[in-house]
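I opened this one to look up its fold, its charged pairs and its aromatic pairs. My entries follow in the order I made them.

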Amino acid sequence: MYDGSYGWMPHGGMYGLGWVLMVLFWVLLIVGIVALIKWLLSSGQQRPSEPREGRRTALDVLKERYARGEIDHEEFEERRRRLDD
C-alpha cells in the first residue's frame, strides 16, 4: 500500500524545509527593516557645516595637529593666520 511518501523520508523530504524557509523569511524581513531604518536615520544626521568625510580643510588638519600636541600654540596661531590671509 502506498502511504504518499517517497522512500524513507516523510512528506517527500520537504517536512523540515517549511519551517526553515519561514524562519529565514522572517529573519530577512526584520534585518531589512532594521537596515532601512538605520539608513534613513543616518542620512539626515550630517550637518551642512561639517565637511564630508575625506574632505578636510587645511584648518581642520591644523586643529588636529594642535590637539595631538604635534605643534605648540604659537605655531598653531602663526599657521592659522597664514591660512586666513
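**Notebook: helices, salt bridges, rings**

**Entry 1, overall.** I am working with a predicted model. I looked up the secondary structure first. The protein chain has 3 helices and 0 strands. Along the sequence I read the pattern α-α-α. Then I checked burial. Of the 85 residues in the protein chain, 6% are buried. I noted an accessible surface of about 8,000 Å² for the protein chain. Carbon and sulfur atoms account for 62% of that surface.

How do the axes of H2 and H3 cross? I found that they come within 10 Å and cross at roughly 175°. An angle over 145 degrees counts as roughly antiparallel, so that is how I logged H2 and H3. Next I listed the residues in contact. H2 contributes Ala58, Leu59, Leu62, Lys63, Arg65 and Tyr66. H3 contributes His73, Phe76, Arg79, Arg80 and Leu83.

I searched the whole structure and got 7 salt bridges. I wrote up some of them.

I took glutamate 64 and arginine 56 to begin with. Their closest N and O atoms are 2.7 Å apart, and they form a salt bridge. Is glutamate 64 buried or partly exposed? Its relative accessibility is 29%, so I put it down as partly exposed.

Arginine 68 came next. It forms a salt bridge with glutamate 70, with 2.9 Å between the closest N and O atoms. The two partners fall into separate accessibility classes. Arginine 68 has 54% relative accessibility and counts as exposed. Glutamate 70 has 44% and counts as partly exposed. The cut-off for exposed is over 50%. I also found that Arg65, Arg68 and Glu70 are linked in a network of salt bridges. Arg65 had already turned up in my list of H2 residues in contact with H3.

Then I went to H3. The side chains of arginine 79 and glutamate 75 meet in a salt bridge, 2.7 Å from N to O. How many residues apart are arginine 79 and glutamate 75 in helix H3? They are 4 residues apart in that helix (residues 73–84), so about one helical turn separates them. Arginine 79 is partly exposed at 32% relative accessible area. Glutamate 75 is partly exposed too, at 27%. Arginine 79 is also one of the H3 residues in contact with H2.

I looked for ring pairs and found 2 in the structure. The rings of phenylalanine 25 and tryptophan 26 have centres 5.2 Å apart and planes at 75°. I logged that pair as edge-to-face because planes over 60 degrees apart count as such. Phenylalanine 25 is partly exposed, with a relative accessible area of 47%. Tryptophan 26 is also partly exposed, at 47%.

Tyrosine 66 and phenylalanine 76 make a stacked pair, with 4.7 Å centre to centre and 25° between the planes. Where do the two residues of this pair sit? Tyrosine 66 is in helix H2 (residues 58–68) and phenylalanine 76 is in helix H3, 10 residues apart. The pair thus links distant parts of the chain. Tyrosine 66 is partly exposed at 33% relative accessibility. Phenylalanine 76 has a relative accessible area of 9% and is buried.

How values were computed
Residues numbered from 1 in each chain as written. Predicted model: local features only at pLDDT ≥ 70, side-chain atom pairs only at ≥ 80, totals over all residues. Heavy atoms only, no water. Salt bridge = Lys/Arg side-chain N within 4 Å of Asp/Glu carboxyl O. Buried < 20%, exposed > 50% of the residue type's maximum accessible area, 1.4 Å probe, protein only. Phe/Tyr/Trp six-rings, centres within 6.5 Å; stacked < 30°, edge-to-face > 60°. Areas by Shrake-Rupley, 256 points an atom, 1.4 Å probe, with all protein chains shown as cover. Axes fitted to C-alpha atoms, helices over the stretch in contact; angles between N-to-C directions. Parallel < 35°, antiparallel > 145°, perpendicular 65-115°, else oblique. Contact = heavy atoms within 4.5 Å.
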